[in-house]
Structures are given as structure tokens and as C-alpha cells.
Amino acid sequence: MYFKDILGQEAIKRQFITEALKGRIAHAQLICGPEGTGKLPLAIAFARYICCTNKGEADACGHCPSCIKFNKLAHPDLHFAFPVVKKRSDKEAVSDDYIAEWRRQLSESPYFSFDHWLDALNAGNAQAMIYSAESNEILRKLSLKSSEGGYKIMIIWLPEKMNLTCSNKLLKLLEEPPAQTVFLLVSENPETILPTILSRTQRINIPRLNEASITTALTQQYGLSEQDAGNIARVANGNFIKALESIHLGNERKFYLDLFIQLMRLAYQRKLKELKQWSEQVAAIGRERQKSLLEYCQHMIRENFIYNLKIRELTYMSQEEEAFSSRFAPFINERNVIGIMNELSESQKHVEQNVNPKMIFFDFALKIILLLKQ
């Protein structure tokens, strides 16, 4: 991954390049922003540029031994930590247990979501996180001497998924890092990271991609017409992952859409037996996907409410989503939209608290029956 491979974000690229050329690299940087803006690709490109022994004015050289090692993400001074699931009930998993899957995911596309990663892990019902054992691995790796006498770089993807023990141990390492060590924390929800960790990092906010960057990528890389690419870019709202899924509605997003449609139709028809079956189906998909489903439902309720205004520029839905919403939107109005959104937020809170999911989703489905009739 080079800077030239990353969509847009020219100001951030220039900031990283200037930092490296002047030798003023902050030892702990928090690269944060919405999904699909290129945070992880930027971190990897920055790591390559730092390690490159023949840096150019705009990118890594691509020819030095360090760059060659980066081609397969196997540079001995580049380390990763990311959420994983336990392989055995008696042992905490660490990132190295899934390093082959991680490199495969990055080689297929560095633009991927947490849900995509859960699929790659075959997580099932397991909850992915960065366990306390990871902190020991991070300490061990960074205590080793640099293989090339330069920087050692630790990229932590989604540090908000660290459990408390791991966060506290990482805090000590951030306070007294080994010489020539750079931490790149790539986050989508920095507000959930320990404040003491936040205070020890230099925050870099990655903005949403502009429509022109996404449109250009879709036309050049995927052969879409200018008009189709422009429509997808507008709906993507700065999220390249969403744009890629919109070309062919992603399996995960299609799964959530189908569940949303089932819920609303069954609730409107007051089919209690089928709603109970629906809640049992959702209860079996695991907590992380349950939270993602509830977030998706919030998105769809919001978009359906706005759809009633008949101002196309304000709605951000795929063609399949809009096909359903064209008939469903009138049932989401000022009398029930706040109530539905509140119930979705309450359900999400209960999922995070490990309440029985069958109870959560059946209770939610029953409340939707009443709210849809308002």
C-alpha cells in the first residue's frame, strides 16, 4: 500500500510525508474518522514511508529492501494488533493467531469494515475484541531490536475494541515507549477509548471522502459510467466501503435489509408467531452482528423518514433499499420516528449489556407493531 493507492485525503498524505521527511514523527498517533475513509490504508502507507530507505518527495520508493518486504506486509519491523475471537475457551487469542487471514483481507482490499473482518474470522456468535494477552505480545515485539536499525511500527486497528486490562497495559507502554517506536491507532469510535490513552496520542482526524474521488475510482477501477458512479458516490456519503457494496449490494448489507423488511412486514401484519421466529433468528447471529443490524435499522428508519420529503439529494439509499422504501416510507412519520429510534437505541444498549437476545428482539418487535400503527 502506497500513498498513491489511497483515494483522496491529499492533505493528510502531505502531513504524513512532511512529518517523516523532517524527522518529527510523533510516537503515538490516533488516526480516526468514519468508516470507509481510508484510515487503515493511510496508516499502512505511512508505515511504509517511514521505513523506506530511499524516500521520494511524494511516496516510498518501492525498490529498496524495506519496500519489497512491505509488499506482502511481512516487514519484520511492522506489527499489527486487531480484534480477534477465541479459538479455545481456555486461552485468549492474539492477533498472530489470525495473521494469515489479516494479510489475506488486506491483499483483497484494504477498504473493509468490521463486519467484513468478522466474516473473515468466521466469528459466528463470538464477540471479537483485543484481549489482555495482546498487550504482552505488543510489549514483546517492541522490545526486540529493529531488524534494519530504524523505526518499529505498531498499527492497532480499532483500539476501542481493547478490553480494560489491555488498555491499561498499553497506557504504560505509551508513557515510556522503546526508542524509535511509532504507534498508529486506527479508530472509528475514539470517544470510547480510555481518556488517558487519548491524552497520550496525537489525534489526526480523517474527513469523509469527497464525491469526486469516489466517482473517479468507480469509473477507472470498476468501469462504471460517469452517471452511475456519481449516483453511487452521492449515496455513499464519503464512505468508499459503502460505495463498493452499492455496486452489488454486499452480502452482509443484503442480509440486514432482508431482516429489516421481514420485521416491518410482520409487525404491520401483526404476525406474532412469525415475529417470535424472527427474534430467534436474530438472537442466533451473535452480538456484534446484532449491534450492526440495529445500527442498520436506525439508518433505514432515518432514511425512510427523510424520503417522505421527496428531496432526492437528502436520501442515501441503494436501489434495493429505495425500492422497498418507496412503499414503506409513509409508515415512518413524525408521530412514531422518535419512538422507533429510541427503541432501537434501547435495544442496542441491552445487547451491549448481554441481556438475553431473544427477549430483546421479541420485545422490540412487539413495540414496533404499536409504533407502526401511530
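**Pocket and cavity in the predicted model**

The largest pocket is lined by 48 residues, and E35, E188, N189, S292 and E295 lie nearest its centre. A pocket here is an open set of points on a 1 Å grid over the protein atoms alone, with protein on both sides within 12 Å along at least five of seven lines; lining residues have an atom within 4 Å of a point. The model is predicted, so local features need pLDDT of at least 70 and side-chain atom pairs count only at pLDDT 80 or more, while totals for chains, interfaces and linings use all residues. Residues are numbered from 1 along each chain as its sequence is written.

The volume of the largest pocket is about 1600 Å³. A volume is the space filled by probe spheres set on the points, which are joined across faces, edges and corners. The lining comprises 17 nonpolar, 14 polar and 17 charged residues.

Several helices (DSSP runs of H or I, at least four residues) contribute. Among those supplying at least two lining residues each are α5 (114–121), α12 (251–269) and α14 (287–307). Helix α14 gives the largest share, nine residues.

A cavity is a set of points where a 1.4 Å probe fits but cannot get out. About 110 Å³ of space lies in the largest cavity. Its lining has 14 residues, with K39, L40, P110, F112 and W157 nearest the centre. Helix α2 (residues 39–51) gives the most to this lining, three residues.

Definitions and conventions
Side-chain values use heavy atoms; hydrogens and water are left out. Ala, Val, Leu, Ile, Met, Phe, Trp, Tyr, Cys and Pro count as nonpolar, Asp, Glu, Lys and Arg as charged, and the others, Gly among them, as polar.
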